[in-house]
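Here are a few notes to go with your first look at this one. Have the view open and follow along point by point.

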Amino acid sequence: MSSISTSHLPSPFKPVDFSAEKNIPTSKLPQKTVLKLFDSKSITSLQYLTQLHGLVLRSGHFQDHYVSGALLKCYANPHFSNFDFALKVFSSIPNPNVFIWNIVIKGCLENNKLFKAIYFYGRMVIDARPNKFTYPTLFKACSVAQAVQEGRQIHGHVVKHGIGSDVHIKSAGIHMYASFGRLEDARKMFYSGESDVVCWNTMIDGYLKCGVLEAAKGLFAQMPVKNIGSWNVMINGLAKGGNLGDARKLFDEMSERDEISWSSMVDGYISAGRYKEALEIFQQMQREETRPGRFILSSVLAACSNIGAIDQGRWVHAYLKRNSIKLDAVLGTALLDMYAKCGRLDMGWEVFEEMKEREIFTWNAMIGGLAIHGRAEDALELFSKLQEGRMKPNGITLVGVLTACAHAGFVDKGLRIFQTMREFYGVDPELEHYGCMVDLLGRSGLFSEAEDLINSMPMKPNAAVWGALLGACRIHGNFDLAERVGKILLELEPQNSGRYVLLSNIYAKVGRFDDVSKIRKLMKDRGIKTVPGVSIVDLNGTVHEFKMGDGSHPQMKEIYRKLKIIKERLQMAGHSPDTSQVLFDIDEEEKETAVNYHSEKLAIAFGLINTLPGKRIHIVKNLRVCDDCHSATKLISQIFDREIIVRDRVRYHHFKNGTCSCKDFW
DNA sequence: GTAGGGTTAG
C-alpha cells in the first residue's frame with residue numbers, strides 16, 4: 001500500500017482498492033488506466049469521487065497534470081457543492097499549467113464565485129500564460145458580477161495578446177458589454193474583424209435586452225447567415241419585451257422550430273399574463289410532434305397554476321411519468337405548486353413527499369399552498385420541519401408562514417414570528433411582511449395595532465399594505481377608517497379599478513349611495529374601467545372562460561337554463577340575493593340580475609352540466625368572491641351535493657355540504 | 001492526448 005496520507009480527505013473516507021479485481025497493485029496502475037476512470041459519467045457520489053481521489057494519490061499519478069486536472073474538474077462540479085475542497089485540491093497541485101488554471105477559473109464561475117474567478121486570473125497571469133480558452137469564462141464572470149472595470153481590463157489583455165479576433169472570445173465580450181448596458185463597446189467589438197453567426201446573435205440579443213428594437217431588427221434583416229438561434233434570439237427578446245405580436249409573426253415564419261422557439265413563445269405569453277394562449281401554443285407544439293422537455297414543461301405547469309388548468313396540469317404529470325422525466329427541485333416544485341394552486345392540495349402534498357431534491361423554493365411552495373387553503377396548523381408544522389433540516393428559510397418562506405397565520409387568525413403566533421424573524425431566521429422584515437401583519441391584525445379587528453404598525457414601518461407603506469387594511473375594514477364594517485384608507489389608496493393607485501370598487505362596496509353596504517355615485521363619477525372622469533370578473537373552468541384539458549354578459553360560449557343557452565333552476569332551488573332554500581356589492585346605482589331588480597349572472601355562477605352552472613354527479617368542480621377567478629356568490633355557492637354545494645373549489649385572487653374556498661373552508665372569513 | 005462562446009429557467 002502507498003503511504004500517502006489521506007487525512008485531509010473528507011470523512012467518511014474508506015479507500016477502495018480498485019486494482020483488487022485485476023490483481024494489479026495500485027501503485028503500478030498505468031496513467032491511462034487511471035485517467036479512464038474519470039472518463040465515465042458514473043462519478044455521481046462524492047463518496048465515490050473521494051475513493052477515486054485516494055486511488056490517484058496511491059497510484060502516484062497526482063503529479064501528472066492530466067490526472068490532477070481531471071480530479072479537480074470533478075471536485076469543482078457544483079453538483080457536489082464542495083467547491084472549497086476543490087480549491088484545497090487545487091492548492092496542492094504543484095506548478096499548475098494553463099489547463100489547471102482554466103479549470104479552476106471555470107469552477108469558480110460554475111460555483112458562482114465570480115470575483116474569485118477574477119482573482120485567480122490575476123494570480124494566473126503571474127506564472128502561466130492565459131490562452132484563448134481562458135477569456136470567455138472570465139467575460140462571463142464579469143458579466144454576471146457586473147464587474148465593469150475588471151471586464152474592460154481583461155478586454156485590454158485580450159487585445160494585447162492579439163486573440164481578440166477569436167469568435168468565442170468576441171461573442172462573450174459582446175455579451176458582457178451588452179449586459180453592462182454599454183452597447184457602444186459591444187458594437188465596437190462586433191464590428192472589429194470577422195463575426196460568425198453567434199456573434200451576430202449575441203449582438204442582436206444585446207440590442208433587444210437594451211430595448212433597441214430597431215437596431216436588432218435591422219441586424220437580423222442584414223444577417224448573411226442565420227441559424228435557428230438567430231430566430232430564437234429575436235423571438236425571445238421580442239416576447240420578453242412585450243412585443244408578442246412581432247414575436248409571433250417571426251415564430252410563424254420560421255421554417256424549423258426547436259424547443260427554445262416554443263418555450264420562448266410560451267414564456268412570452270405567460271409573462272404577459274396571457275396564460276390561455278400559452279397553453280394553446282403548447283398544444284400546437286404537441287400537434288407538431290415536438291417533444292417537450294423539462295424547461296417548457298415547467299413553464300406550462302406555471303401557466304396551469306395561474307389559470308387553474310388542472311386537467312392540463314395532470315396531463316403534464318402523466319407525461320413526466322410516462323417518459324420517466326426525473327422530478328428535480330425545479331420541476332417538482334412547479335408540479336406541486338400547480339396542484340396546490342389548482343385546489344388539489346392532497347396531490348401537491350404527494351408530489352412534495354415524493355421529491356428527492358428539495359430546495360427552499362420547494363418548501364415555500366408547499367407552505368404557501370397550505371396557507372392559501374387556510375391550513376394554518378399544517379403550514380406551521382411544515383415550517384418547523386423545515387427548520388429541523390439544514391434548509392434556511394428566506395423572506396418568501398416567512399411571507400407564507402405569516403399569510404397562514406393571517407388567514408387563520410393566529411394573531412399571537414404571527415406576531416411572535418414577525419417580531420423574531422430577524423433574530424431567528426436572519427430575515428429582515430420587508431414590505432411584504434408588513435403587508436401580511438397588517439392583514440393579520442386587521443382581519444382580527446385590531447385596527448389601532450394595524451395602524452400603529454403602518455406608522456412604525458421603516459419604509460414607505462405601499463398600496464398592498466393599505467389595501468390589506470381596507471380589506472379588513474370591509475370584513476369588520478369599519479367605515480370611518482375605510483373612508484380614510486380608501487382615499488389614500490385612490491391617490492397611491494389612481495389607475496387600480498379594484499380600489500374604487502372596494503371603497504364603493506363599503507359605501508353601498510352602509511347605504512351611502514350618494515358616495516357610491518361620487519366614486520362612480522370619479523372613475524368615469526379618470527377613465528378607469530372596472531376589470532370584468534372572469535371565471536375559468538378546465539374541463540378535460542380545455543379551458544372554458546366565463547364573463548358576465550358574454551354569450552360567446554357555445555353552451556350558453558343550456559347554462560342559462562341551468563342558472564334558472566339554480567336560482568329557483570336557492571330561493572326554495574331561503575336564499576335572497578345580496579346585492580350590496582353591485583357597484584352601480586341601478587334598481588334592485590337589475591342588481592339582482594347582475595349578481596345572478598356573475599361569472600362564478602355561470603361557471604358553476606357549466607360545471608354542473610358537464611361533469612358527472614359527485615365530481616368536484618374547480619373554478620378559478622381573477623377577482624375576489626362577492627358576498628352573494630359566496631353564500632349562494634355554499635348552498636349550491638349542499639343542494640346539488642357537489643364539492644366546489646373556488647380559487648379567488650387571494651385564497652381558496654372549498655365549498656362542501658353548505659359550508660366553506662374559509663369559515664366565511666376572506 | 002484534456003477544455004471554450006450565444007438563445008429557454010421555475
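1. Start where two helices touch. N232, I235, N236 and A239 in α13 make contact with I260, S261, S264, M265 and G268 in α15. By type, the residues in this contact split into four nonpolar and five polar, with no charged ones. Keep in mind that this is a predicted model.

2. How are α13 and α15 angled where they pack? Helix α13 covers residues 228–240 and helix α15 covers residues 259–271; their axes sit 9 Å apart at an angle of about 5 degrees. Angles under 35 degrees count as roughly parallel, so α13 and α15 are roughly parallel to each other.

3. An α-helix has 3.6 residues a turn, so residues three or four places apart point the same way.

4. In the model, residues 196–226 are 74% helix and 0% strand, with end C-alpha atoms 10 Å apart. Residues 227–257 also come out at 74% helix and 0% strand, and there the end C-alpha atoms are 11 Å apart.

5. Further along, have a look at α33, residues 599–610. This helix has twelve residues and spans 16 Å from first C-alpha to last, close to the 16 Å expected. Is α33 mostly covered or mostly open? Mostly covered: ten of its twelve residues are buried, including E600, K601, L602, I604 and F606.

How values were computed: Residues numbered from 1 in each chain as written. Chains lettered and ligands numbered in written order. Predicted model: local features only at pLDDT ≥ 70, side-chain atom pairs only at ≥ 80, totals over all residues. Heavy atoms only, no water. Helix = DSSP H or I, 4+ residues; strand = E, 2+ residues; numbered from the N terminus. Expected span 1.5 Å × (residues − 1). Buried < 20%, exposed > 50% of the residue type's maximum accessible area, 1.4 Å probe, protein only. Axes fitted to C-alpha atoms, helices over the stretch in contact; angles between N-to-C directions. Parallel < 35°, antiparallel > 145°, perpendicular 65-115°, else oblique. Contact = heavy atoms within 4.5 Å. Nonpolar A, V, L, I, M, F, W, Y, C, P; charged D, E, K, R; others polar.
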